[in-house]
Amino acid sequence: MKLKAIAELLNAKVVCGESRLDEEFRYAFASDLMSDVLTLEEHNPIILTGLCNIQTVRTCEMGNLSVIIFVRKKKPSPEMIELAEENDMVMMECEYSMFKASGILYQNEIEPIY
C-alpha cells in the first residue's frame, strides 16, 4: 500500500518525507519498546509508536527503518524532524490509539511482522 493511502486511512498528518508518499509498504510493527524495534529483520516495516523522543528516530536510523507514525496525538520536536529529514525518513502524526491505527492498517491488508 502506498504511504499516501496509509496517511489517508489514519487521517495522519505527514510531518516530513512528503516526496516518498508514492512508495509501497507491506508490513507494519507497533511498539513503544525500542528494543523490540531493533529486533526486526529485513521487512522494513512502518513503525507505529507513542514513544515520541529523539531516541525513537535514532533507533529507526540504526535499524534502517524509514517510516515512523506517532500515535496517540504525539507530536515530534523540531530536533526529531530535522534528524528524520537528514535520514530521508517519513514521519506522520496520528490522533488514533495504537490499537485503532494497527486495526485499520490490518483491515486494509498491511501485514504484521509476526
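Buried means under 20% relative accessible area, exposed means over 50%, and partly exposed falls in between, with a 1.4 Å probe and protein chains only. Keep those cut-offs at hand for each stop.

The model is predicted, so local features need pLDDT of at least 70 and side-chain atom pairs count only at pLDDT 80 or more, while totals for chains, interfaces and linings use all residues. Residues are numbered from 1 along each chain as its sequence is written, and side-chain values use heavy atoms, with hydrogens and water left out.

**Stop 1: Asn 11**

Select Asn 11. It lies in the loop between helix 1 and strand 1. Helices (H or I, at least four residues) and strands (E, at least two) are DSSP runs, numbered from the N terminus. Asn 11 counts as exposed because its relative accessible area is 60%. Check the backbone: phi of Asn 11 is near 50°, a positive value in a residue other than glycine.

**Stop 2: the core**

Keep Met 92 selected. Which residues touch the most other members of the largest nonpolar core? They are Leu 3, Ile 6, Leu 10, Ile 46, Leu 48, Ile 69 and Met 92, out of 22 residues in that core. Helix 1 (3-9), strand 3 (46-49), strand 4 (67-70), strand 5 (90-93) and helix 5 (98-107) each supply at least two residues. Helix 5 gives the most, with four residues. A nonpolar core here is a set of buried Ala, Val, Leu, Ile, Met, Phe, Trp, Tyr and Cys residues joined through side-chain atoms within 4.5 Å.

**Stop 3: salt bridges**

Next, the charged pairs. A salt bridge is a side-chain nitrogen of Lys or Arg within 4 Å of a carboxyl oxygen of Asp or Glu. The whole structure holds five of them.

Select Glu 111 and Arg 26. Their closest N and O atoms are 2.8 Å apart. This pair links distant parts of the chain, 85 residues apart: Glu 111 sits in strand 6 (residues 111-112), and Arg 26 in the loop between strand 1 (13-16) and strand 2 (27-30). Glu 111 is partly exposed, at 30% relative accessible area.

Move to Lys 75 and Glu 93. Their side chains meet in a salt bridge at 3.1 Å, N to O. Lys 75 lies in the loop between strand 4 and helix 4 and Glu 93 in strand 5, so the bridge ties together parts 18 residues apart in sequence. Glu 93 is buried, with a relative accessible area of 11%.

Then pick Glu 61 and Arg 58. This salt bridge spans 3.7 Å, N to O. Both residues belong to helix 3 (residues 54-62); they are three residues apart, so about one helical turn separates them. Glu 61 is partly exposed at 30%, and Arg 58 is partly exposed at 37%.

**Stop 4: the loop between helix 5 and strand 6**

Select Asn 108, which lies in the loop between helix 5 and strand 6. Asn 108 is partly exposed, with a relative accessible area of 31%. Asn 108 and Thr 59 are 49 residues apart in sequence and 27 Å apart in space, C-alpha to C-alpha.

Now select Glu 109, also placed in the loop between helix 5 and strand 6. Glu 109 counts as exposed, at 67% relative accessibility. Phi of Glu 109 is near 70°, a positive value in a residue other than glycine.

**Stop 5: the negative patch**

Select Glu 18, Glu 79, Glu 82, Glu 85 and Glu 86, which form a negative surface patch. Patch residues have over 30% relative accessible area and no salt bridge; like charges are joined within 9 Å, and nonpolar side chains (Val, Leu, Ile, Met, Phe, Trp, Tyr) within 5 Å.

Zoom in on Glu 79. This residue is found in helix 4 (residues 78-86). Glu 79 counts as exposed because its relative accessibility is 53%. Glu 79 and Ser 19 are 60 residues apart along the chain, with 20 Å between their C-alpha atoms.

How values were computed. Accessible areas come from the Shrake-Rupley method with a 1.4 Å probe; for residues, only the protein chains shown count as cover. Lys and Arg count as positive and Asp and Glu as negative; His and the chain ends are not counted. The place of a charge is taken as NZ of Lys, CZ of Arg, CG of Asp or CD of Glu.
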